[in-house]
Amino acid sequence: MYYYTAYGLNISSAVFLPELQVSNHQIADVVITFGKVDLTLPQPEATWDYFHLEGDSAYLYWKVVGKFLVKSGHEIIIDSLPDVEEQVLRLPLLGAVLSMLLHQRQYLVLHASAMAIGDSAAVFLGPKGQGKSTMAATLYGRGNKQMTDDAAAINIDSDSDTSPILLPGFPQIKLWPEAATAALGDNPEKLRKIHPEVEKRARPTVENFLQKSLPLKRVYILSQGSDIKIKPLQIQEAVTKLIANSYIPMLLGKKFLQSETTALHLRQCTHIAKNIPIYSLERPRSLDLLPKVAQLVEEDLAS
């Protein structure tokens, strides 16, 4: 077994996970093993993926990878295809599957990138292609610490006024080649592809990764505009944006509305909107303007 840490959890894994940080703790909060996952797929068979919730268990299936079972926020069982490469297996495992486990542990999981700027954590949301990872990489290149990419887990006590806490994920940012060059000055040919058939690259951030949790101070919703500007969102719009950019509802679609955690999820999003400033961050889609946008974010958090 391999031993790692991510999102404040000690993980024991039968799968080699080089993206995660090695841990010396052999008493695990989460155990990842290989085994048989008894999941009957709908007929006709799902063409690409299928997700099913049943009590405290979640079943996830991808046609080109195999089946996963996530149980009670503590266990992940992998029933992979016999010829699937470990690099390909790790993509859903460290993405949707791990996010489902965090959701089962009652964290709010946003489809977002997050950075530590000073002593404050900032989260960047937005539809696919809006540049969440590129924004994080630009701030990282300016000396700020990375906390998570793709999935941001937030610990929220919705029954109190305590600040939401952002948990550190693992030290990696996934970037398109041109973004890796513009944000960090990297040669993308020296970075590993996240998938043999995808041009996006895995950029390690071990040298400046924050391993501790921080209070969440800002949420920025990325959008395209003619000028660079930050403007606050009203609570109702902010809640809507948080729900729209939450990882598990995006994954499950209408099935999430039938789950037992829908009410909790709404309370968590409302709690953040009431207690944390949520802004729209508009900017032209230009890699040349990344330093100006990053400076505006730094100045906003400093104020």
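Predicted model: local features only at pLDDT ≥ 70, side-chain atom pairs only at ≥ 80, totals over all residues.
Local features need pLDDT of at least 70, side-chain atom pairs count only at pLDDT 80 or more, and totals for chains, interfaces and linings use all residues. Residues are numbered from 1 along each chain as its sequence is written, and side-chain values use heavy atoms, with hydrogens and water left out.

Student: How many cavities of 30 Å³ or more are found in the whole structure?

Tutor: On a 1 Å grid over the protein atoms alone, a cavity is a set of points where a 1.4 Å probe fits but cannot get out. Points are joined across faces, edges and corners, and a volume is the space filled by probe spheres set on them. With that search, the number of cavities of 30 Å³ or more is one.

Student: Which element gives the most to the lining of the largest cavity?

Tutor: Lining residues have an atom within 4 Å of a point, and here they include H103, Y107, S246 and T261. Helices (H or I, at least four residues) and strands (E, at least two) are DSSP runs, numbered from the N terminus. Strand 9 (108-111), helix 5 (247-252) and helix 7 (262-275) each give two or more residues to this lining. The largest contribution, three residues, comes from helix 7.

Student: What is the volume of the second largest pocket?

Tutor: A pocket is an open set of points with protein on both sides within 12 Å along at least five of seven lines. The second largest pocket holds a space of about 350 Å³.
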